[in-house]
Amino acid sequence: MSLPLYLLAMAVFAMGTSEFMLAGLLPDIASGLDVTVGTAGALTSAFAIGMIVGAPLVAALARNWPRRAGLVGFVLVFAAAHAVGALTTSFPILFATRVVAALANAGFLAVALTAAAMLVPPDRKGRALAVLLSGTTVATIAGVPGGSVLGTLLGWRATFWAVAALCLPATLGILKGIPAGRDEDEATGRPALRAELAQLTRPRLILVMLLGALVNAATFGSLTFLAPVVTDSAGLGQLWISVALVLFGAGSFVGVTVAGRLSDRRPDLVIAFGGPLLLIGWPALAVLANEPVALFILVFVQGALSFALGSTLITRVLYEAAGAPTMAGSYATAALNVGAAVGPVIAAAALTTEAGTLGPLWASGLLVAVALLIAFPLLTAITAGRSTELLIAAGANPANEPSSGS
């Protein structure tokens with residue numbers, strides 16, 4: 001994998017830290033800005049909605065920009081939004097900065113996902129995506145717990161300043177690692193925007209986007225409400241919440257790393273084996289949540305399986321959207337964040353059922369079950385056509401080239 005990919009992952013780390021850090025900061029933000037915790041929680045929804053809406057819109061606006069200029073611009077806007085958020089004493093302004101930050105994040109990911117796929121050979125999109133998403137998984141391991149500790153010691157504003165500061169080395173890295181100007185493929189032969197948007201009418205693309213959203217909804221539904229499982233069901237202290245989050249993040253890092261080596265050539269294996277294991281894991285976690293050792297083991301395992309399956313499906317989005325070279329990243333970003341927005345809503349509703357704090361875990365199992373019921377009868381269709389897509393992406397004539405198999 002090339003150095004530019006890791007530089008892009010550094011920026012994803014800063015953005016991932018920002019996306020998830022509010023879970024530990026909401027009470028302090030609510031107190032500092034004189035609003036309720038429920039009102040402060042709207043900041044999380046604002047970010048998720050901004051990501052969903054922003055991914056295709058901002059990607060469409062930025063499709064004619066040189067990649068490096070677009071990536072640097074998005075990172076700097078993201079940093080500026082956090083600096084303003086750290087300074088403001090107004091909740092509406094803070095809310096607005098979260099929307100702006102989400103739009104910048106969505107634009108960056110849309111361009112970065114496309115750029116990452118083009119920085120590697122056509123048959124290594126999955127590995128490139130794994131490197132890029134490692135920024136998010138490392139954020140859950142180190143960035144989010146670190147931000148929580150920093151917020152506890154120095155106040156929530158310090159965490160916002162820290163995220164803004166993280167953007168600076170990422171910006172320098174992008175300036176150094178991503179070529180200036182336009183690539184040859186950017187200057188000639190690019191489909192019109194209408195043609196790229198028309199890719200969204202392809203059933204296989206819609207299918208893999210739906211499956212990616214369902215798996216991601218299960219992941220973030222349970223992750224959002226993992227804290228009460230640790231403290232209420234397992235009866236552990238507050239400090240153990242960070243341990244659980246770190247274990248989930250460590251598992252997710254393992255998952256995307258392993259799946260990155262399989263999702264290009266054998267996505268069927270990841271789906272066929274990882275899917276059922278993930279389905280079994282969520283109810284198993286609900287049943288064994290009162291046993292701390294089993295809880296922490298399963299949290300790690302579910303993190304690994306969730307991100308392995310999720311990243312494989314998002315890789316399929318990039319393959320299926322090969323006819324939309326400037327918009328494919330935005331389709332993948334939208335699928336990820338539809339799940340991130342819908343999952344916690346479903347999980348919150350599950351909290352009101354008789355299952356109580358374990359409701360989100362059962363809801364995640366149901367979401368994965370729905371995904372597998374859709375995926376398994378269509379598994380061949382979901383994972384077929386890889387060789388032809390790779391030959392087209394490489395500029396070869398599929399009729400005259402040998403197939404590598406799937």
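The side chains of Arg316 and Glu320 meet in a salt bridge, with 3.7 Å from N to O; the term denotes a side-chain nitrogen of Lys or Arg within 4 Å of a carboxyl oxygen of Asp or Glu. Both residues belong to helix 15, where they are four residues apart, about one turn of the helix. Helices (H or I, at least four residues) and strands (E, at least two) are DSSP runs, numbered from the N terminus. Arg316 and Glu320 are both buried. Buried stands for under 20% relative accessible area, exposed for over 50%, and partly exposed for values in between, with a 1.4 Å probe and protein chains only.

The model is a predicted one, in which local features need pLDDT of at least 70 and side-chain atom pairs count only at pLDDT 80 or more, while totals for chains, interfaces and linings use all residues. Residues are numbered from 1 along each chain as its sequence is written, and side-chain values use heavy atoms, with hydrogens and water left out.

Side chains of opposite charge can pair when their charged atoms come close. The count for this structure is four salt bridges. One of them joins Arg202 to Glu320, with the closest N and O atoms 3.4 Å apart. This pair links distant parts of the chain, 118 residues apart: Arg202 is in the loop between helix 10 (193-198) and helix 11 (203-224), and Glu320 is in helix 15 (residues 292-320). Arg202 has a relative accessible area of 29% and is therefore partly exposed, whereas Glu320, at 2% relative accessibility, counts as buried.

Glu320 also forms a salt bridge with Arg204, the closest N and O atoms being 3.1 Å apart. Here too distant parts of the chain are linked, with Arg204 in helix 11 and Glu320 in helix 15, 116 residues apart. Arg204 counts as partly exposed because its relative accessibility is 24%.

## Thr312 in helix 15

Helix 15 also holds Thr312. This residue has 0% relative accessibility and so counts as buried. Apart from neighbours within four places in sequence, Thr312 is in contact (heavy atoms within 4.5 Å) with Ala259, Ser263, Pro267 and Val270.

A pair of aromatic rings is described by the distance of the centres and the angle of the planes. Rings of Phe, Tyr and Trp (its six-membered ring) pair if their centres lie within 6.5 Å; planes under 30 degrees apart count as stacked, over 60 as edge-to-face and the rest as tilted. The structure holds four aromatic pairs. In one of these, the ring centres of Trp156 and Phe160 are 5.3 Å apart and the planes stand at 80 degrees, so the pair is edge-to-face.

Trp156 and Phe160 both lie in helix 8 (residues 156-177), separated by four residues, about one turn of the helix. Trp156 is counted as buried because its relative accessibility is 5%. Phe160, with a relative accessible area of 1%, is buried as well.

## The largest cavity

Three cavities of 30 Å³ or more are present in the structure. On a 1 Å grid over the protein atoms alone, a cavity is a set of points where a 1.4 Å probe fits but cannot get out, and lining residues have an atom within 4 Å of a point. Grid points are joined across faces, edges and corners, and a volume is the space filled by probe spheres set on the points.

The largest cavity contains about 310 Å³ of space. It is lined by 21 residues, of which Glu19, Leu133, Thr136, Phe220 and Leu336 are the closest to its centre. Two or more lining residues come from each of helix 1 (3-21), helix 6 (91-118), helix 7 (125-154), helix 11, helix 15 and helix 16 (328-351). Helix 1 supplies the largest share, five residues. The lining consists of 11 nonpolar, nine polar and one charged residue; Ala, Val, Leu, Ile, Met, Phe, Trp, Tyr, Cys and Pro count as nonpolar, Asp, Glu, Lys and Arg as charged, and the others, Gly among them, as polar.

## The second largest cavity

The volume of the second largest cavity is about 50 Å³. Its lining is formed by Leu211, Val215, Ile271, Leu309, Leu313, Ala371, Leu372 and Ala375. Helix 11, helix 15 and helix 17 (359-375) are the elements that give two or more residues to this lining, and helix 17 gives the most, with three residues. The lining of the second largest cavity has eight nonpolar residues, no polar and no charged.

Methods: 1 Å grid on protein atoms, 1.4 Å probe; cavity = no way out; pocket = protein on both sides within 12 Å on 5 of 7 lines; lining within 4 Å.
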